[in-house]
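Please examine the sequence and the model before reading each solution.

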Amino acid sequence: MADQAEENKQSEEEVHYDLKVIDEKFYGDAKVYWEKISPTVDGMLGGFAKISPTDINGSRAFLRPFMKISGGKVNNKKALDCGAGIGRITKRLLLPMFDSVDMVELNQHFLNEARAFIGSESKRVDNLFCSGLQEFIPEIGRYDVIWCQWVLGHLKDKHLIDFFKRCKSALSPNGMIIVKENTASDTERDFDSSDSSFTRPRREFVDLITQSGLTIVKEEKQKGFPKGVYDVFMFALR
């Protein structure tokens, strides 16, 4: 019995080690990919810089009704931009709507360019956190809005659920998490080995959101993007 228990323990340790190695490769491959990308809007959008105005306008229209200045309940003190890159969303969406913004981004070379890209308003960007979201722990109760766009495909399911839970704890009273992501049209997720990311079907996002203890307050499909690209959905979560 003792020998069997020891064998079981050793087997569990080997499985845990194998999973750790797999996770390290998954996250490491993504880091290597983005380190090669130019710190420009075109680089952030994979060669689709032309869609940025449509994207920002759609995001603003989705978020604005929740804000106090538009009759909603969400304050405009502090926002967090997740997977912020050089600050495209911070500059064009969040800073015009919030008093200050924090940015979290995996690659330091993007953050190094962020303040120059954002310009004079970068004085209202308080913190530039260099971290993967699977490891990032936001301050409890700090943010009125946590914005996550085109980044959550870089998280494994278990890490995404944990990240959502940490974000929920980081919200101020009446705060919201906004998710804006590509969605696969089929029932199975797509995996892109070039940047080590998943594109999940909408139903998988809904399942993971539910597992994290969050509620979908509003859902909307982004309009006006070119044909041939993934459908993009926005979710407002509490």
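**Exercise 1: The largest pocket**

In this predicted model, 50 residues line the largest pocket, and those nearest its centre are Trp34, Met44, Trp150, His154 and Asp195. Task: describe the space in this pocket and the elements that supply its lining.

Solution. Step 1: the largest pocket holds about 1,200 Å³ of space. Step 2: at least two lining residues come from each of helix H1 (2-35), helix H4 (88-94) and strands E1 (78-82), E2 (100-105), E5 (171-183), E6 (190-192) and E7 (197-199). Step 3: H1 gives the most, with five residues. Step 4: sorted by class, the lining comprises 27 nonpolar, 14 polar and nine charged residues.

**Exercise 2: Packing of H6 and H7**

Task: determine whether H6 and H7 are parallel, perpendicular or oblique to each other, and characterise their contact.

Solution. Step 1: the axes of helix H6 (residues 157-170) and helix H7 (residues 202-211) are 9 Å apart, at an angle of about 50°. Step 2: angles under 35 degrees count as roughly parallel and 65 to 115 as roughly perpendicular; H6 and H7 are therefore oblique to each other. Step 3: their crossing is right-handed. Step 4: H6 contributes Asp157, Leu160, Ile161, Phe164 and Lys165, which meet Leu208, Ile209 and Gln211 of H7. Step 5: by class, this contact has five nonpolar, one polar and two charged residues.

Note on methods:
Residues numbered from 1 in each chain as written. Predicted model: local features only at pLDDT ≥ 70, side-chain atom pairs only at ≥ 80, totals over all residues. Heavy atoms only, no water. Axes fitted to C-alpha atoms, helices over the stretch in contact; angles between N-to-C directions. Helix = DSSP H or I, 4+ residues; strand = E, 2+ residues; numbered from the N terminus. Parallel < 35°, antiparallel > 145°, perpendicular 65-115°, else oblique. Left-handed = near helix turned anticlockwise from the far one by under 90°. Contact = heavy atoms within 4.5 Å. Nonpolar A, V, L, I, M, F, W, Y, C, P; charged D, E, K, R; others polar. 1 Å grid on protein atoms, 1.4 Å probe; cavity = no way out; pocket = protein on both sides within 12 Å on 5 of 7 lines; lining within 4 Å. Points joined across faces, edges and corners; volume = space filled by probe spheres on them.
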